[in-house]
Amino acid sequence: MVENIALLKEVQEFMPTKEAQEEGLALLSKLKLSHIGMQRVAQCKSVELFYVMFIRAMMSKKSHIIIDMPYTIIHNLQEIEKVISNIEILNDSKKNIFILDTLNHKIRYKSYNNLEITSNNSSSSIGLDT
Amino acid sequence: MIKFIESIGDRTINSLNSIYEALKFTSLCLIHMVNPKSYNPAMRMVLVKQIYFTAVTILPLFIFMASIFGSVIIGMVIVVATQYSLQDNIGSIIVTFVINEFSPFFTALLISLRSGTAVNTEIAIMNVNQELNTLKEYDIDLIDYLFLPRIISGVISVTFLSILFALIMLSSGYLFTLFYMGMDLHIYTALLLNAVEVKDLIVLLFKSIAFGFVIMLIPIYSGFKTANSYSAIPISVLNGMVKLFIAIFFIEVLALLLQSL
């Protein structure tokens, strides 16, 4: 996993592999997930893969991160609050993070008051700016 | 009649378009190869791994095959040369056969079957799974990160393995000359050293580099052009391998033509 996370820093900033991997491991350890650093995709749970994907996106120079339907990425996710609080722990660089989801998941985001609901003739969706 | 002519025109345009696309891809890879910015830490890591998978893990099988083929084929060459009273030319026959022809060709075949197919399948699966698109989304240059390390590892591995194959083949050939002809080691080495020319080494290097380049480039291109479905993967590997073998024979013929000049 750590190789995957380090990739962007190595390619875009020419950061040495060891340094980039240490940075990736440091972010994983913020969520107490450093043990998955040396694991491969098949060995990780969906929630662990989600955090790896998120940390990899954090490594990008882009200032916006869009999480598209987290309930389809993380299997059996009960509470989105835990995930959002972990995202806030990781978001040191203060990137703009948006969560997009379908309207049928609206109830799951009830504790957030900055919910944006968009709808057109064919579909409706909700957006959450963390 | 007009439809027949139109179909010929269509095929010609499609073929020319495919050739143009392939040449464009090749030139892009070559441009990236000479650009120092392509050699980022991630690319270098992939390159080291590729060399390990292509050239190092194959070594036990490779050394075994080179030893077996070496003694058998050099034995056959010596027996035939003796039958036709060509004992005086045995050195140059062995050198030409082993260094110029057999070592690079056999190495190319072995690496094509082992690594060429693997690379073609790997890139095709990445393409079908949209992994290539994900890398592009993250502004990761596919040529720098995925293709270039494989092409360079192909060139390095085939060159290194061809030289190794030639050395093992010539060494194991000595065993045959020892038992069959009772030839002394000094006489055997002198025979080979007198026969070998700089031209032979240049041919070995040229062919190995050319083989290594196409052995990776063609499967990569074939995998990269795979249609977006799992059933297209075996077709991609099949087409890639056919094109690769045609390219290997083309290089072989080209090298023979250049040598005869």
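**Note on a two-chain predicted model**

1. In chain B, the C-alpha centres of domain 1 and domain 2 lie 27 Å apart. The structure is a predicted model, in which local features need pLDDT of at least 70, side-chain atom pairs count only at pLDDT 80 or more, and totals for chains, interfaces and linings use all residues. Residues are numbered from 1 along each chain as its sequence is written, while chains are lettered from A and ligands numbered from 1 in the order in which they are written.

2. The domain assignment divides chain B into domain 1 (1–34) and domain 2 (38–260); such bounds come from an automatic or database domain assignment. Seven residues of domain 1 of chain B are in contact with eight residues of domain 2 of chain B, where contact requires C-beta atoms, placed from the backbone, to lie within 7 Å. The domain 1 side of this contact has five nonpolar, two polar and no charged residues. In this classification, Ala, Val, Leu, Ile, Met, Phe, Trp, Tyr, Cys and Pro count as nonpolar, Asp, Glu, Lys and Arg as charged, and the others, Gly among them, as polar.

3. Chain B has nine helices and zero strands, and its elements accordingly read α-α-α-α-α-α-α-α-α from the N terminus. Helices (H or I, at least four residues) and strands (E, at least two) are DSSP runs, numbered from the N terminus. Taken along the principal axes, the C-alpha atoms of chain B fill a box of roughly 65 × 55 × 35 Å. Of the contacts in chain B between residues at least 6 apart in sequence, 86% join residues at least 24 apart. Buried residues account for 36% of the 261 residues in chain B. A residue is buried if 20 or more other C-beta atoms lie within 10 Å of its own, exposed if 12 or fewer, and partly exposed in between, with C-beta atoms placed from the backbone.

4. Chain A contains five helices and four strands. Along the sequence, the elements of chain A follow the pattern α-α-α-β-α-α-β-β-β. Chain A has 130 residues, of which 26% count as buried. For contacts in chain A between residues at least 6 apart in sequence, the share joining residues at least 24 apart is 57%.

5. The contact between the chains takes eight residues from chain B and 10 residues from chain A. On the chain B side, helix α2 (residues 41–56) gives the most, with three residues. By class, the side of chain B that touches chain A comprises six nonpolar, one polar and one charged residues.

6. Within chain B, helix α3 (residues 59–83) packs on helix α6 (residues 142–181) at an angle of about 50 degrees, with their axes 7 Å apart. Axes are lines fitted to C-alpha atoms, for helices over the stretch in contact, and angles run from 0 to 180 degrees between N-to-C directions. The two helices, α3(B) and α6(B), are therefore oblique to each other; angles under 35 degrees count as roughly parallel, over 145 as roughly antiparallel, 65 to 115 as roughly perpendicular and the rest as oblique. The residues of the contact of α3(B) with α6(B) divide into 14 nonpolar, seven polar and no charged. Among them are B:Phe62, B:Ile63 and B:Ala66 in α3(B), and B:Leu161, B:Phe165 and B:Ile168 in α6(B).

7. The axes of α1(B) and α6(B) come within 10 Å and cross at roughly 90 degrees, and these helices are therefore roughly perpendicular to each other. From α1(B), the contact involves B:Leu28, B:Cys29, B:His32 and B:Met33, and from α6(B), B:Ile143, B:Asp144, B:Phe147, B:Leu148 and B:Ile151. These residues divide into seven nonpolar, one polar and one charged.

8. B:Lys24 is found in helix α1 (residues 2–33) of chain B and counts as exposed because it has 10 C-beta neighbours inside 10 Å. B:Ile248, in helix α9 (residues 232–260) of chain B, counts as buried because it has 22 C-beta neighbours inside 10 Å. Not counting residues up to four places away in sequence, B:Ile248 touches B:Ala108, B:Ser112, B:Phe211 and B:Val214. The C-alpha atoms of B:Ile248 and B:Phe211 are separated by 6.5 Å, although these residues are 37 residues apart along the chain.

Definitions and conventions:
Contact = placed C-beta atoms within 7 Å.
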